[in-house]
Amino acid sequence: MGPERVVVFIDGSNLYHALEGILKRHDLDFTQFVARLCGERCLYRTYYYNALQDVCVRPDAFREQQEFLDTLRKTPYLEVRLGTIKTAQGTQVEKGVDIMLGVDLVNYAWSNLYDTAILVSGDADFAYALQAVKNMGKHVEVAYFEGATARELLGVADVRHLLDTAFFSTLWT
């Protein structure tokens, strides 16, 4: 049997808001972040999911996001997957991001592209998809922030990675 293959699935909005709200910064070195999560195991690929800002509604946010995404796209073995943002009753709402991540998580397990999935999110919506992946014989890990993660998600995880100040101490750009 070869080395353990790992795929990292990053809920970008969840990560961004947790970094900003808890650690008060977001200048994360994604290459080092993923390397720390994988440890000695073999990274197959990282998938980063987020919603594309609407240039007509928030031009400054769109420009900043494009600069960030350009940097991400230069990260080895990382692919960006983008949903959209719709405005409903004056509130902007992400569309398609969670389902895209959930489908990829299950589809890639079914296609046997990985042995272990590491989900970077605190969103309970992913608990059922993680359970489906476990039922296929895969290992599932959750990288999470204390106080910003659903119990259901942690309950499904085989391994939990607490994302705290110590974890990020050497991961800033």
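Modeller: Helices here are DSSP runs of at least four residues, labelled H or I and numbered from the N terminus. Keep in mind that this is a predicted model.

Colleague: Thanks! With that label in hand, which helix gives the most to the lining of the second largest pocket?

Modeller: That is H3, with three residues. Helix H2 (30-38) also supplies at least two. Among the residues lining this pocket are Phe30, Thr31, Phe68, Thr71 and Leu72. By type, the lining splits into four nonpolar, five polar and two charged residues, around a volume of about 160 Å³.

Colleague: And what volume does the largest pocket have?

Modeller: About 620 Å³. Its lining counts 23 residues, with Tyr16, Asn50, Gln53, Ala61 and Gln65 nearest the centre. Helix H1 (12-23), strand E2 (42-51), helix H3 (59-73) and strand E4 (91-95) each bring at least two residues to this lining, and H1 gives the most, seven. The makeup is 10 nonpolar, eight polar and five charged.

Colleague: Let's turn to a single residue. Is Glu141 buried or exposed?

Modeller: The general idea is a cut-off: buried means under 20% relative accessible area. Glu141 has 5% relative accessibility, so Glu141 counts as buried. You will find Glu141 in strand E6 (residues 139-144).

Colleague: Which side chain does the side chain of Glu141 join in a polar contact?

Modeller: The partner is His161, at 2.6 Å. Leaving aside residues up to four places away in sequence, Glu141 touches Arg41, Thr116, Ala117, Ile118, Leu119, Val159 and His161.

Methods: Residues are numbered from 1 along each chain as its sequence is written. This is a predicted model: local features need pLDDT of at least 70, side-chain atom pairs count only at pLDDT 80 or more; totals for chains, interfaces and linings use all residues. Side-chain values use heavy atoms; hydrogens and water are left out. Buried means under 20% relative accessible area, exposed over 50%, partly exposed in between (1.4 Å probe, protein chains only). A polar contact is a pair of N or O atoms within 3.5 Å; within protein, one must be able to donate a hydrogen and the other to accept it, and residues adjacent in sequence count only if both atoms are side-chain atoms. Contact means heavy atoms within 4.5 Å. On a 1 Å grid over the protein atoms alone, a cavity is a set of points where a 1.4 Å probe fits but cannot get out, and a pocket is an open set with protein on both sides within 12 Å along at least five of seven lines; lining residues have an atom within 4 Å of a point. Grid points are joined across faces, edges and corners, and a volume is the space filled by probe spheres set on the points. Ala, Val, Leu, Ile, Met, Phe, Trp, Tyr, Cys and Pro count as nonpolar, Asp, Glu, Lys and Arg as charged, and the others, Gly among them, as polar.
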